[in-house]
Amino acid sequence: MILDGKCPKGPIQTSWDRHRFDMKLVNPANKRKYKILVVGTGLAGGAAAASLGELGYNVEAFCYQDSARRAHSIAAQGGINAAKNYPNDGDSIYRLFYDTIKGGDFRAREADVWRLAQVSNNIIDQCVAQGVPFARDYAGYLDNRSFGGAQVSRTFFARGQTGQQLLLGAYSALSRQVKAGSVKLFARTEMLDLVVVDGEAKGITIRDLVTGEIRTHVGDAVVLATGGYVNVFYLSTNAMGCSVTANWRAVKKGAYFANPCYTQIHPTCIPQTGEHQSKLTLMSESLRNDGRCWAPKKKGDTRAPGEIPEEERDYYLERKYPSFGNLAPRDIASRAAKEQCDDSRGVGPGGRGVYLDFADSIKRLGEDTIRSRYGNLFEMYEKITDENAYKVPMRIYPAPHYSMGGLWVDYNCESNVPGLFVLGEANFSVHGANRLGASALMQGLADGYFVIPYTIANYLAKIKPGSVKADHPECKKSIEDVTGYNNKLLSINGKKTVSEFHRELGKIMWENVGMARSEQSLKEAIKKIPVLREEFWSNVKVTGSGAELNQQLENAGRVADFLEFGELLAKDALHRNESCGGHFRVEHQMPDGEAKRDDENYCYVGAWEFKGVDKEPELHKEPLTFENVHLAVRSYK
Amino acid sequence: MNLTLHVWRQNGAKAPGKLEQYEAKNVSPDQSFLEMLDEVNEQLIKNGKEPIVFDHDCREGICGMCSQVINGVPHGGQERTTVCQLHMRSFSDGDTIYIEPWRALAFPILKDLIVDRSNLEKIMQAGGYTSCHTGGVADGNAILVPQPAAEYAMDAAECIGCGACVAACPNGSAMLYTSAKVAQLAVLPQGQAEAAQRVCDMTDAAQAAGFGNCSNHYECQAACPKGVSVKFIAKLNREYQKALFK
Ligand SMILES: Cc1cc2nc3c(=O)[nH]c(=O)nc-3n(C[C@H](O)[C@H](O)[C@H](O)COP(=O)(O)OP(=O)(O)OC[C@H]3O[C@@H](n4cnc5c(N)ncnc54)[C@H](O)[C@@H]3O)c2cc1C
């Protein structure tokens with residue numbers, strides 16, 4: 001089937017404005033009759049729930065943590081982009097649009113990206129009004145910095161905790177709506193199924209993580225804003241609870257999963273120290289503004305960094321990409337680091353690391369300036385590694401970080417299942433095959449504050465509110481299914497723990513579907529994952545019962561989903577017989593090792609329809625056309 | 001290194017709890033405290049026992065989920081460090097470690113080391129915001145914020161809402177938590193319009209939720225993993241006074 005993204009036709013500059021006018025509205029007096037279920041309270045879900053509540057809809061919001069404020073958006077460090085052009089350095093909506101399309105290696109929809117760039121400016125205004133303490137210059141104006149892959153300074157930031165501050169802004173807005181009675185919050189609640197009635201999304205089945213109760217919430221529309229799936233690699237920069245579960249359970253109810261193979265490996269993370277490792281910590285990429293990446297020129301060099309003279313260091317990013325240097329986009333910087341290590345020139349334990357060196361900047365700007373810019377990051381680094389990065393260079397290594405893929409949605413952020421909307425990292429929409437730094441926060445808030453409040457009305461205006469009741473047979477069936485599934489997990493009583501399976505899956509994924517993928521490695525993964533999955537369902541040990549707070553059970557469900565989803569990810573990567581952005585197939589590279597796209601055959605969104613576990617998924621395509629940007633080889637030389 | 005752990009086990013809010021002893025073997029100094037507990041749990045599961053439940057999520061010190069009292073001190077007593085960022089290199093071979101949940105009247109225990117912190121939410125819902133609408137706000141640069149004010153606001157806004165301040169306070173007070181939000185918004189032009197109402201509503205909500213009063217012990221500041229200062233409590237008091245005379 002050919003999918004239609006339903007983008008407005010005509011000049012892109014006015015596309016969103018025209019579309020807003022063309023969409024239907026819900027009469028103010030009727031809004032409260034519609035119930036909207038928002039799953040996820042990160043930037044995307046938090047902003048959406050608050051805005052929809054304020055508009056007068058009856059909103060229920062869900063998250064698995066004990067507070068809406070703890071969504072993983074909280075961990076974003078570096079900043080948020082907007083096309084304000086405050087520094088007068090040549091930025092514009094068009095430039096942000098262009099950079100995002102190009103950065104995504106021409107695998108995103110033009111209209112969606114244009115809208116994102118257009119509303120980016122509103123986001124900053126909104127956050128300022130909420131009291132987000134963005135960095136200011138001495139005159140009191142908003143400060144900007146340049147961030148990964150951009151040649152203009154368009155990134156707004158709040159120390160090294162931009163995500164935290166933006167999320168607390170959204171959380172404040174949400175709290176206000178809770179007080180106003182328009183939003184009801186359900187924390188420590190995990191969505192485990194989507195209820196579809198006559199082909200439309202009408203509810204979710206959840207598990208109360210404290211009591212273990214499984215129940216259905218019905219509504220007139222469902223919004224998923226449940227974040228990313230890179231924990232499929234086990235070790236990643238995501239939080240421990242991040243999962244593909246909400247998305248995957250929706251897939252099993254008919255939603256298509258788009259471009260799962262587009263995953264982003266972040267170049268600057270703290271290297272792994274041992275088998276005990278439970279997650280990897282990101283060091284914000286803003287560090288690359290003042291830090292220089294290098295590796296020893298000599299193979300197997302075990303000297304301390306300070307003993308390696310300047311001429312024996314390879315500042316490989318500056319050498320390979322003279323104009324972007326240390327600010328080369330993430331996929332490029334990650335692969336370059338991996339190349340150094342594969343070439344036996346890595347540093348630190350196991351040789352899986354390269355240096356990020358601040359010595360020159362400290363010499364030029366002074367330690368105080370560096371401290372004021374990155375103090376909290378240096379502190380975090382020291383806590384984890386016991387090393388002082390003001391004195392010795394940081395060691396960094398790439399780690400799975402972000403998922404560009406996600407549920408397929410059209411221009412309205414609506415999936416192929418009517419009434420199911422998907423926002424933020426959970427959808428696939430704007431980043432193509434690679435996301436630029438500081439653009440995910442922008443997308444989350446754009447979707448939540450400025451897109452969904454308009455587009456959901458267009459759907460709701462067409463339906464009758466409250467048509468499905470909690471005693472609908474589909475609700476009962478959903479509860480039975482979820483209960484049965486959990487009971488099955490609890491009854492296996494095997495010998496291996498859930499984490500052991502997750503770790504093994506992560507190894508398969510990282511080794512075969514990680515930074516460099518080949519036909520052979522992908523086939524290997526596709527062979528191994530089902531075997532591991534089968535073992536899981538016969539040998540996993542989940543202690544306790546379903547009728548209580550049971551973290552093992554929660555985790556077992558998430559890992560079970562990863563064990564199915566990982567296979568789809570590998571299949572998507574195998575089918576996409578080209579390299580683009582974060583998807584790097586070793587068979588397809590330029591002579592200098594750059595990703596080689598195949599626009600003739602792969603200039604489309606690949607959206608997969610689930611046909612059953614152990615059955616082949618079906619591919620649906622949405623062709624991508626570029627009318628405003630010239631398809632070009634992405635070059636950062 | 002090898003360690004002896006005494007961990008608070010309690011099966012539900014109403015069940016009686018007690019400290020149970022466990023051995024943590026071959027702990028690496030590079031492991032985080034929670035990774036050490038992960039391994040203890042793996043062993044428990046393999047032996048068919050119930051693993052210890054504890055709150056955690058981001059494991060990088062920012063989400064505010066993790067919440068353990070270690071040897072009597074919330075987050076373990078290392079300066080500006082959450083439990084998840086505490087590393088085993090700060091312990092020695094043979095150490096005995098006591099691990100308990102947050103203890104405060106307003107934080108009922110749900111299970112083992114997990115407490116219910118929803119009372120903190122009520123304080124935020126009472127006024128921890130500016131009442132701006134989505135859309136229809138002024139240009140970001142139309143509101144000038146002097147840099148020192150922005151920095152002051154950010155110092156306060158560092159709060160991760162973990163509740164260590166409450167757990168550390170002999171009165172179980174949430175004053176540091178409340179004051180951080182009050183001070184952040186009181187110093188910014190955007191928060192002025194509602195400043196008086198906000199400080200009254202938020203302090204009332206704290207009291208209603210069962211948090212104690214502040215009697216200047218400063219234990220909160222010492223326990224705060226983000227270094228939020230008690231100067232914000234002074235600011236809250238001043239804002240409160242101002243509001244009374246309005
Ligand atoms: C360490 C780190 C640093 C980053 N730095 C930056 C940066 O500087 N700039 C930038 O632009 N981007 C950055 N990103 C990316 C960005 O933070 C995320 O992409 C973005 O915040 C995701 O927001 P979200 O709202 O889509 O999802 P999240 O914030 O992850 O929220 C997901 C929500 O869904 C809920 N949820 C999930 N599953 C379920 C379920 N089954 N049932 C119920 N609830 C569920 C969770 O409880 C949570 O509330 C960073 C990411 C990481 C990990």
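Predicted model: local features only at pLDDT ≥ 70, side-chain atom pairs only at ≥ 80, totals over all residues.
Local features need pLDDT of at least 70, side-chain atom pairs count only at pLDDT 80 or more, and totals for chains, interfaces and linings use all residues. Residues are numbered from 1 along each chain as its sequence is written, and side-chain values use heavy atoms, with hydrogens and water left out.

**The interface**

In the model, 76 residues of chain A are in contact (heavy atoms within 4.5 Å) with 78 residues of chain B. The table lists the totals between the two chains.

| Item between chain A and chain B | Value |
|---|---|
| Area buried | about 6,500 Å² |
| Salt bridges | eleven salt bridges |

Buried area is the accessible area (1.4 Å probe) that two parts lose on being put together, summed over both. Carbon and sulfur atoms give 48% of this area. A salt bridge is a side-chain nitrogen of Lys or Arg within 4 Å of a carboxyl oxygen of Asp or Glu. Glu500(A) forms one with Lys46(B), where the closest N and O atoms are 2.8 Å apart.

**The nonpolar cores**

A nonpolar core is a set of buried (under 20% relative accessible area, 1.4 Å probe, protein chains only) Ala, Val, Leu, Ile, Met, Phe, Trp, Tyr and Cys residues joined through side-chain atoms within 4.5 Å. The largest nonpolar core has 224 residues, and those with the most contacts inside it include Ile80(A), Phe134(A) and Leu5(B). Ile80(A) touches residues including Phe134(A), Arg154(A) and Leu445(A), not counting residues up to four places away in sequence. Another core, of 34 residues, lies apart from the largest one, and Phe378(A) and Tyr390(A) are among its residues.

How values were computed:
Chains lettered and ligands numbered in written order. Buried < 20%, exposed > 50% of the residue type's maximum accessible area, 1.4 Å probe, protein only.
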